[in-house]
Amino acid sequence: MSHTPLPGNRDTSWLGWPFFDARHDELGHTLDAWAAQHVANVDHTIDTDTTCRTLVRTLGEAGWLRWCVPAGPDGSWGGKLPEIDSRAVCILRETLGYYDGLADFAFAMQGLGSGAISLGGSDAIRARYLPRVAEGSAIAAFALTEPDAGSDVAAMTCTARLDGDHYVLDGAKTWISNGGIADFYCVFVRTGEAPGARGISAFVVDANTPGLDASERLDVIAPHPLATLRFTNCRVPVGNRLGEAGQGFKLAMQTLDIFRASVAAAALGFARRAMDEGVQRARTRPMFGGTLGDLQLTQAALGDMATAIDASALLTYRAAWMRDVQGTRTTRAAAMAKMTATESAQAVIDRALQMFGGAGVQSGMMVERLYREIRALRIYEGATEVQKLIIGRDILKS
Ligand SMILES: Cc1cc2nc3c(=O)[nH]c(=O)nc-3n(C[C@H](O)[C@H](O)[C@H](O)COP(=O)(O)OP(=O)(O)OC[C@H]3O[C@@H](n4cnc5c(N)ncnc54)[C@H](O)[C@@H]3O)c2cc1C
């Protein structure tokens, strides 16, 4: 099924907003041209694991994955900049998301899956994993959720007990993106230094470690690699612990803090694509002696969609700018961005699909794919309800 060919027509005027430096403007334009050529036509009929592996390699070879890890001493960790730049990560996710949801996924998971290493790994661990993440030769994953601990993540029961110079991991993690294809997993488990969130530690676990089974895969409406991980007497060297014992929850939250606004950016990319598809449809679909776009109800819908997109973009890039430039806590701003951009994108995509009539629900149409792809973004990295609570509690606290 063909998609509306859009490369070259994309509106990138938002890159001129005051949130951005010249470097972001250059990144946005260079990446847009690259993505239009290299990821606009990903074949979604072939096996998703293969597609994701190829995308990670392609993104790595082109240098884009260097933006999701820090540079390290003399650039030895492979990153582009000394610190991860949230605005750059958001531009990358928005642009990749515009062209292809799996390309965005492949990029995002390299960052999320290695974030705890960047933040808390020893220098030896950073030097071992981060360069491979940046060049796309190792696939990363972030394993926090458990069957009975999702939104209530501190309820986790997966454990690690110290045994000599190893920790022994037992339990299950589920809904793990890249599960089954990852080369390593950053895993958060209970080590019991204190009750609740203060008794959790983080570890990097190689996929081929005996006692780790990632063979149970999960199928979802917008296919991408997902698995349940089972740890049975899985021995991990003490040196693979990330940060201090008992500090794993903090590390998970810090990692999510870096990347939460980027979920908003991905949603924004989907919404902008739906908008462009809708506009194209409105301009070209003959109807009642004119076009769909001649009808006032269509014009009103486009007005709503464009406004929702701009509001999402402003919140998203404000949150990223606050983190990069002000260096302040961005919990509230990132939660506002994530909630607004994902919920708005769902509405924008739904409205764009409606403009296509029956063709909108035909398998293989871009709006149909976007409609499936956006749904999980309202759930993972904190469901909308969780974001509302984060915002409300932060207001009461301040
Ligand atoms: C496609 C996909 C990819 C994922 N990738 C990863 C990954 O790579 N790593 C990882 O660790 N996890 C991942 N997850 C898991 C994700 O983070 C969890 O699904 C999410 O945290 C919600 O947890 P849950 O599914 O257990 O739902 P539950 O915790 O059971 O929540 C169900 C619903 O309850 C509602 N809710 C939550 N809190 C409240 C409240 N206080 N009041 C009222 N209602 C509330 C929300 O609507 C929520 O959706 C992924 C999930 C999906 C769908």
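Q: Where is Val89 in this model?
A: In this predicted model, Val89 is placed in helix H3.

Q: Is Val89 buried or exposed?
A: Val89 counts as buried, because its relative accessibility is 1% and the cut-off for that class is under 20%.

Q: And which residues is Val89 in contact with, leaving aside its neighbours within four places in sequence?
A: Val89 is in contact with Trp67, Ile84, Phe107, Phe259 and Ser262.

Q: What separates the C-alpha atoms of Val89 and Ser137?
A: Those two C-alpha atoms are separated by 20 Å, and the residues are 48 apart along the chain.

Q: Turning to Asp85, where does that residue lie?
A: Asp85 is in the loop between helix H2, residues 48–61, and helix H3, residues 86–99.

Q: Why does Asp85 count as buried?
A: The relative accessibility of Asp85 is 6%, so the residue falls in the buried class.

Q: Which side chain does the side chain of Asp85 make a polar contact with?
A: The partner is the side chain of His24, at 2.9 Å. Beyond four places in sequence, Asp85 is in contact with Arg23, His24 and Asp324.

Q: Moving on to Ser201, which strand is that in?
A: Ser201 belongs to strand E5, which spans residues 200–206. Ser201 counts as buried because its relative accessibility is 0%.

Q: What does the side chain of Ser201 reach?
A: The Ser201 side chain reaches the backbone nitrogen of Gly246 at 2.9 Å. The side chain of Ser201 also makes a polar contact with that of Thr191, at 2.6 Å.

Q: Which residues does Ser201 touch, not counting those up to four places away in sequence?
A: Among them are Val187, Phe188 and Val189, together with Arg241, Glu244 and Ala245. Thr191 and Gly246 are also touched by Ser201.

Q: How far along the chain is Gln247 from Ser201?
A: Gln247 and Ser201 are 46 residues apart along the chain, while their C-alpha atoms are separated by 5.6 Å.

Q: Next topic: what covers strand E1, or rather, which residues are buried on its faces?
A: Strand E1 comprises residues 140–143, and both of its faces are covered. Ala140 and Phe142 are buried on one side, and Ala141 and Ala143 are buried on the other.

Q: How many bridges join E1 to strand E4?
A: Four bridges join E1 to E4, residues 184–190, and the two strands run parallel. In E4, Phe184 is the bridge partner of Ala140.

Q: Now the ligand. How many residues surround it, and which are the closest?
A: The ligand is surrounded by 20 residues, and the closest are Phe142, Thr145, Ser151, Trp175 and Glu385. By class, the shell divides into 13 nonpolar, five polar and two charged residues.

Q: Which polar atoms of the protein lie 2.7 Å from the ligand?
A: A polar backbone atom of Phe142 is 2.7 Å from a nitrogen atom of the ligand. A polar side-chain atom of Glu385 is 2.7 Å from a ligand oxygen atom.

Q: What area does the ligand expose when taken alone?
A: Taken alone, the ligand exposes 970 Å², and the protein buries 66% of that.

Q: Which elements give two or more residues to the shell?
A: Those elements are E1, strand E3 (166–177) and helix H10 (384–397).

Terms used. Residues are numbered from 1 along each chain as its sequence is written. This is a predicted model: local features need pLDDT of at least 70, side-chain atom pairs count only at pLDDT 80 or more; totals for chains, interfaces and linings use all residues. Side-chain values use heavy atoms; hydrogens and water are left out. Buried means under 20% relative accessible area, exposed over 50%, partly exposed in between (1.4 Å probe, protein chains only). A polar contact is a pair of N or O atoms within 3.5 Å; within protein, one must be able to donate a hydrogen and the other to accept it, and residues adjacent in sequence count only if both atoms are side-chain atoms. Contact means heavy atoms within 4.5 Å. Two strands pair if DSSP finds at least two bridges between them. A residue is near a molecule or strand if one of its heavy atoms lies within 4 Å of it. Accessible areas come from the Shrake-Rupley method with a 1.4 Å probe; for residues, only the protein chains shown count as cover. Ala, Val, Leu, Ile, Met, Phe, Trp, Tyr, Cys and Pro count as nonpolar, Asp, Glu, Lys and Arg as charged, and the others, Gly among them, as polar.
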